[in-house]
Amino acid sequence: MEKSRIAIYPGSFDPLTNGHVDVIQRALEIFDKVIVAILHNPAKKSLFTTGERVGMIRESFNGNDCLLVDSFDGLTVDYAKTKNAVAIIRGMRAISDFENEFQMALMNRKLYKDVQSVFLMTGLRWIFTSSSIIKEAAEFGGDISDMVPEPVKFKLMEKFPKLKTTIETVEK
Ligand code: PNS
């Protein structure tokens, strides 16, 4: 029997954006299984709890057996080992992502040489999206509804009353 090729896609996902969804869909075309792995880091201030983030991603990919959602703490490479992953997926947007990603990939390779970093480019329309810019716009009522999956939109509306007002006004 052929071994299934597993990739992990680690990140904060606070929250999942359509840019992440685009990367996940591309990764699913290459690997048999993709595990979205949310870093559980209580020291880092986040908008959503790890549980909420897991829930939103599961809801957004409901019914896709090739996609698993999990959380981890510690080193990404240690988590990759426990899952027998052959690759660590990272999304690449603009050139500004490159330096940090390059450094992280080299450190990951030094720590564990048997897992490859694979960079996937998001579709052009998501080049400027990020969880942080979406949170900032949403907090002040900016309509971000076409930049995140529906389950994330509803959770953001719960957190930010101004966003709820904007979206409800547009939908009237
Ligand atoms: O979505 P993010 O915040 O850009 O994701 C960063 C993440 C979680 C992939 C990175 O911080 C990470 O891998 N953290 C776990 C600790 C680790 O392994 N660091 C890299 C080598 S020192």
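How far is an oxygen atom of the ligand from an N or O atom in the side chain of Ser-12? The distance is 2.6 Å. Before going further, note that this is a predicted model, in which local features need pLDDT of at least 70, side-chain atom pairs count only at pLDDT 80 or more, and totals for chains, interfaces and linings use all residues. Residues are numbered from 1 along each chain as its sequence is written, and side-chain values use heavy atoms, with hydrogens and water left out.

**Around the ligand**

Ser-12 is one of the residues around the ligand, and others on that list include Pro-10, Gly-11, Lys-44, Thr-76, Arg-90 and Asn-108.

| Residue | Distance from a polar side-chain atom to an oxygen atom of the ligand |
|---|---|
| Thr-76 | 2.6 Å |
| Arg-90 | 2.9 Å |

Arg-90 also has a protein partner: its side chain and that of Glu-101 are joined by a polar contact of 2.9 Å. A polar contact is a pair of N or O atoms within 3.5 Å; within protein, one must be able to donate a hydrogen and the other to accept it, and residues adjacent in sequence count only if both atoms are side-chain atoms.

Glu-101 sits in helix H4, residues 98–111. Helices (H or I, at least four residues) and strands (E, at least two) are DSSP runs, numbered from the N terminus. With a relative accessible area of 5%, Glu-101 is buried. The terms work like this: buried is under 20% relative accessible area, exposed is over 50%, and partly exposed is in between (1.4 Å probe, protein chains only). Leaving out neighbours within four places in sequence, Glu-101 is in contact with Arg-90, Met-92 and Phe-119, where contact means heavy atoms within 4.5 Å.

**The sheet**

Now for the strands. Five of them make an open sheet with parallel pairing, in the order S3-S2-S1-S4-S5. Two strands pair if DSSP finds at least two bridges between them. Strands S3 (67–72) and S5 (116–121) are at the edges with a single partner strand each, so one side of each has no neighbour in the sheet. On average, neighbouring strands are turned by 30° against each other, direction ignored.

Helix H1 (residues 18–30) packs on this sheet and touches S1 (6–11), S2 (33–39), S3, S4 and S5, with its direction at about 125° to that of S5. Helix H2 packs on the sheet too, touching S2 and S3, and its direction makes about 155° with that of S2. Angles run from 0 to 180 degrees between N-to-C directions, and axes are lines fitted to C-alpha atoms, for helices over the stretch in contact.

S1 is joined to S2 by six bridges, and the two run parallel. Along that pairing, Ile-6 stands opposite Lys-33, and Pro-10 has Ala-37 as its bridge partner. Six of the six residues of S1 are buried, so the strand is largely enclosed by the rest of the structure. Both of its faces are covered, with Ile-6, Ile-8 and Pro-10 on one side and Ala-7, Tyr-9 and Gly-11 on the other. S2 is largely enclosed as well, because five of its seven residues are buried. Elsewhere in the sheet, S4 (residues 87–92) and S5 pair in the parallel sense over six bridges, and one of the pairs is Ala-87 with Gln-116.

**Loops worth a look**

The loop between S1 and H1 holds Phe-13 and Pro-15. Phe-13 has a phi near 50°, a positive value in a residue other than glycine, and Phe-13 is buried at 4% relative accessible area. A cis peptide bond, with omega about 0°, joins Asp-14 and Pro-15.

Asn-84, in the loop between helix H3 (76–82) and S4, also has a positive phi, about 55°, without being a glycine. Asn-84 counts as exposed, at 59% relative accessibility.

**Where H2 meets H6**

Helices H2 (residues 50–60) and H6 pack at an angle of about 145°, with axes 8 Å apart. Glu-52, Met-56, Glu-59 and Ser-60 of H2 make the contact with Pro-151, Val-152, Lys-155 and Lys-159 of H6.

How values were computed:
Near = heavy atom within 4 Å.
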